[in-house]
There are 6 protein chains.
Amino acid sequence: MKQKIAVYAGSFDPVTYGHLDIIRRASKIFNHLVVSIFTNKNKKAMFTLKERKDMLKKAIGRDKNISIDCFDGLLVDYVKQKKVNVVIRGLRAISDLEYEFQIAGINRMLYKDIETVFFMPSAKYSHLSSSMVREIGKFKGDVSKLVPPYVAKIIKKRLS
Amino acid sequence: MKQKIAVYAGSFDPVTYGHLDIIRRASKIFNHLVVSIFTNKNKKAMFTLKERKDMLKKAIGRDKNISIDCFDGLLVDYVKQKKVNVVIRGLRAISDLEYEFQIAGINRMLYKDIETVFFMPSAKYSHLSSSMVREIGKFKGDVSKLVPPYVAKIIKKRLS
Amino acid sequence: MKQKIAVYAGSFDPVTYGHLDIIRRASKIFNHLVVSIFTNKNKKAMFTLKERKDMLKKAIGRDKNISIDCFDGLLVDYVKQKKVNVVIRGLRAISDLEYEFQIAGINRMLYKDIETVFFMPSAKYSHLSSSMVREIGKFKGDVSKLVPPYVAKIIKKRLS
Amino acid sequence: MKQKIAVYAGSFDPVTYGHLDIIRRASKIFNHLVVSIFTNKNKKAMFTLKERKDMLKKAIGRDKNISIDCFDGLLVDYVKQKKVNVVIRGLRAISDLEYEFQIAGINRMLYKDIETVFFMPSAKYSHLSSSMVREIGKFKGDVSKLVPPYVAKIIKKRLS
Amino acid sequence: MKQKIAVYAGSFDPVTYGHLDIIRRASKIFNHLVVSIFTNKNKKAMFTLKERKDMLKKAIGRDKNISIDCFDGLLVDYVKQKKVNVVIRGLRAISDLEYEFQIAGINRMLYKDIETVFFMPSAKYSHLSSSMVREIGKFKGDVSKLVPPYVAKIIKKRLS
Amino acid sequence: MKQKIAVYAGSFDPVTYGHLDIIRRASKIFNHLVVSIFTNKNKKAMFTLKERKDMLKKAIGRDKNISIDCFDGLLVDYVKQKKVNVVIRGLRAISDLEYEFQIAGINRMLYKDIETVFFMPSAKYSHLSSSMVREIGKFKGDVSKLVPPYVAKIIKKRLS
């Protein structure tokens with residue numbers, strides 16, 4: 001019996017309860033899940049790579065099935081080098097589907113063995129995104145229902 | 001019998017016939033409608049707050065059921081402070097619905113008493129948006145079917 | 001100050017927690033809400049008109065702002081005759097939007113003063129419909145999280 | 001290390017190249033895949049259960065990771081009894097997503113441990129469905145690019 | 001210079017102002033347009049083939065660029081035999097797109113030279129369909145804004 | 001018999017196999033096709049106008065039915081001046097449809113004789129866009145399945 005590993009990649013800028021919901025669901029389906037932070041050099045993030053890693057660590061805890069990693073460049077090159085070919089995505093809405101199918105389709109053209117597997121988040125997180133959290137944070141709104149306490153604290157400190 | 005008040009918030013940069021169609025529809029349903037200009041400090045507008053207020057005033061006229069206001073920060077904080085909990089939105093299309101549900105869902109998470117009420121614009125305005133008007137204006141196109149005459153004149157002057 | 005009345009029409013075959021969520025939201029926005037059962041002669045319902053009326057009565061209780069009614073024929077003719085011109089709809093999803101815009105658009109062509117106002121149901125009811133409930137009932141599934149206890153009891157009795 | 005099992009349920013009336021594409025993809029992700037024919041008593045199928053089973057067997061061959069089964073009633077009751085809680089679905093298009101999210105959402109309400117996992121079919125099968133195949137068959141069209149040769153032969157015989 | 005011919009197929013049960021809008025648009029783009037009534041033996045129509053042909057003739061008039069025809073069976077077989085390989089479709093909405101892409105995709109699989117060309121109807125007809133017209137007719141509603149006068153008269157007579 | 005001419009406008013930054021698929025399809029339907037590069041002064045392109053022209057020339061070859069042109073300003077003004085009133089668009093997905101209908105609707109408001117005609121690209125190019133190609137190029141990914149060899153070579157040179 002072969003071990004089943006999957007990668008869940010994203011900016012996690014910051015990690016939200018929506019991401020954690022997908023991580024929890026995927027970690028039950030696969031033997032091991034790699035949560036990997038995309039350190040896009042072309043786009044300015046609100047939080048540093050170290051901050052985003054710390055947030056994920058605090059949020060995920062000591063689950064042995066889950067490890068945290070980071071990468072730059074194309075996802076297909078990263079998973080090829082990791083010898084993993086399953087990629088996890090959360091699907092929230094129609095506009096997501098379009099974009100996700102576009103990404104997944106191109107990834108397949110670039111690397112035919114890659115398989116993208118989609119999960120449906122819990123209904124209560126279906127409208128949640130990191131950009132929404134950053135937006136609310138900028139206007140000093142209350143993000144405590146959207147992200148874990150540790151993340152909420154950092155957002156508050158950063159933006160005050 | 002309690003008075004029913006609603007807020008219709010937006011950038012109105014500039015106000016279009018599509019906005020005016022929603023304002024007319026909503027003002028018939030509610031006892032009072034507050035049209036409130038969002039003065040987003042993080043985003044550069046084409047028109048100043050004063051210009052946008054003047055455009056709305058000219059376009060709406062002396063309808064006693066409608067008042068014009070402005071706000072910065074989060075909509076939920078604004079409506080809480082105004083003690084109004086109905087928010088009006090126009091729904092043009094599928095991509096709107098996604099975005100609108102995301103906003104409305106987050107607003108509900110932040111303030112459970114807020115209620116978002118959606119109107120369908122007249123079919124002839126279903127493809128119209130302020131950004132489209134600005135784009136056409138920049139290329140010196142004719143915007144006279146998209147915005148009221150006073151607004152068309154300002155756009156022409158501004159961009160010549 | 002004019003009293004604001006709205007109609008929420010549907011088959012309610014049977015009423016679900018999703019309908020009740022919309023009824024609760026709409027009854028706060030309008031001075032009076034008429035919940036009206038469409039007794040479509042061309043389509044066989046699972047429950048009789050009397051059963052559907054009883055379910056709604058039990059579910060809504062003695063809220064003085066809400067009355068229960070029924071109609072056959074076109075909705076536009078019904079609302080014209082009732083002298084109400086606001087119609088309430090719940091919007092769950094993209095495919096709903098298409099269908100709802102089609103109906104609302106045709107209603108406007110038939111009666112220009114009719115205004116359709118859309119509400120967003122609570123996220124937890126965003127996947128719920130009467131047909132789904134009937135389907136689960138037929139397979140003797142548990143509908144207790146989808147409809148009020150009284151309705152669940154009738155479904156169980158009817159399908160055993 | 002726990003064995004990862006999933007169920008792929010459907011009417012398979014008849015099985016198409018689209019289904020086989022999803023089966024191939026899912027069988028690489030999970031240790032074992034149960035392809036289960038839904039023998040809906042309330043709906044008349046074109047092919048008998050035995051025919052549909054034979055088609056699937058011929059199409060799948062002797063892959064030891066895949067078994068064929070059938071069930072009636074609710075999918076959630078079936079997977080509970082099988083002690084499997086992962087369900088596979090192929091996602092072709094937007095209208096699929098709506099329907100699939102509705103089903104997956106209701107399944108979660110009925111059985112919180114069920115997890116629905118979505119796969120994207122190969123682009124060339126993104127417009128293919130069993131009902132489309134039946135429709136073309138009825139008009140004596142050529143289905144040889146849509147279903148395996150054995151299935152095409154049965155359709156031809158059945159409809160001549 | 002080769003003559004450009006296209007086929008616009010449909011049930012036209014009955015023809016609506018929406019169909020006529022597409023016919024007018026397509027007849028300007030192509031040298032000749034064949035409007036072809038699909039006489040689906042598997043589905044009961046409200047109007048006979050003769051009635052539907054008469055409605056189309058009255059509505060289209062003596063435009064020499066347009067001819068009226070009918071067919072049964074698969075559209076691809078019909079256009080192959082007619083030696084035409086352009087098919088016209090009107091696109092109203094998102095759910096249309098899904099369905100239309102499915103049909104167009106399957107048609108391409110069955111006959112690689114067929115080309116489906118989509119037109120956008122006038123905004124005022126974007127919610128109009130034959131089934132909507134039949135539904136309103138059944139409830140004795142006023143269809144005079146949805147179909148030409150001759151068709152409205154037949155509907156009225158038929159359903160009284 | 002009037003000659004049928006159409007315009008296919010875009011940034012072509014760079015041209016992809018998806019564009020070439022639409023060009024090939026449209027050039028069979030119309031007597032002449034003008035592929036016109038939009039030289040948007042307000043947006044920085046990756047490739048110069050000359051480079052984009054050269055790419056198109058190499059990709060299209062000596063097809064006499066197709067000419068290459070460029071324009072700035074509004075498309076409606078360009079086609080008016082060219083005395084062409086048919087515009088070609090490729091439709092990939094739902095989000096495209098929304099945007100395309102918005103553009104086509106506004107174009108009709110600005111110039112009532114303009115007709116937008118939509119084509120469906122080959123399924124294998126349904127997820128392909130110039131921005132996707134640029135993104136992959138930036139991360140030094142392999143674009144050889146997405147664009148013609150000449151374009152792939154330029155991208156590689158430019159980004160190394």
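Because the model is predicted, local features are reported only at pLDDT of at least 70 and side-chain atom pairs only at pLDDT 80 or more, whereas totals for chains, interfaces and linings use all residues. Residues are numbered from 1 along each chain as its sequence is written, chains are lettered from A and ligands numbered from 1 in the order in which they are written, and side-chain values use heavy atoms, with hydrogens and water left out.

Two copies of a chain are related by a rotation about an axis and a shift along it. Chain B and chain D do not touch, their nearest C-alpha atoms being 11 Å apart, where contact means heavy atoms within 4.5 Å. Likewise, no contact joins chain C and chain F, and their closest C-alpha atoms lie 11 Å apart.

Pockets were located on a 1 Å grid over the protein atoms alone, a pocket being an open set of points where a 1.4 Å probe fits, with protein on both sides within 12 Å along at least five of seven lines, and lining residues being those with an atom within 4 Å of a point. The second largest pocket has a volume of about 940 Å³, the volume being the space filled by probe spheres set on the points, which are joined across faces, edges and corners. Its lining comprises 37 residues, of which A:Lys112, A:Asp113, A:Ile114, A:Glu115 and D:Arg25 lie nearest the centre. Helix H4 (94-110) of chain A and helix H1 (17-29) of chain D each supply at least two lining residues, and H1(D) gives the most, with eight; helices (H or I, at least four residues) and strands (E, at least two) are DSSP runs numbered from the N terminus. The lining divides into 16 nonpolar, seven polar and 14 charged residues, with Ala, Val, Leu, Ile, Met, Phe, Trp, Tyr, Cys and Pro counted as nonpolar, Asp, Glu, Lys and Arg as charged, and the others, Gly among them, as polar.

In chain A, the axes of helix H2 (residues 49-60) and helix H6 (residues 149-159) come within 9 Å and cross at roughly 150 degrees, the axes being lines fitted to C-alpha atoms over the stretch in contact and the angles running from 0 to 180 degrees between N-to-C directions. H2(A) is therefore roughly antiparallel to H6(A), a term for angles over 145 degrees. A:Glu51, A:Asp54, A:Met55 and A:Lys58 of H2(A) make the contact with A:Tyr150, A:Val151, A:Ile154 and A:Arg158 of H6(A).

The peptide bond from B:Asp13 to B:Pro14 is cis, with omega near 5 degrees, and B:Pro14 is found in the loop between strand S1 (5-10) and helix H1 (17-29) of chain B. B:Lys140, a residue other than glycine, has a positive phi near 60 degrees.

How values were computed. Angles under 35 degrees count as roughly parallel, over 145 as roughly antiparallel, 65 to 115 as roughly perpendicular and the rest as oblique.
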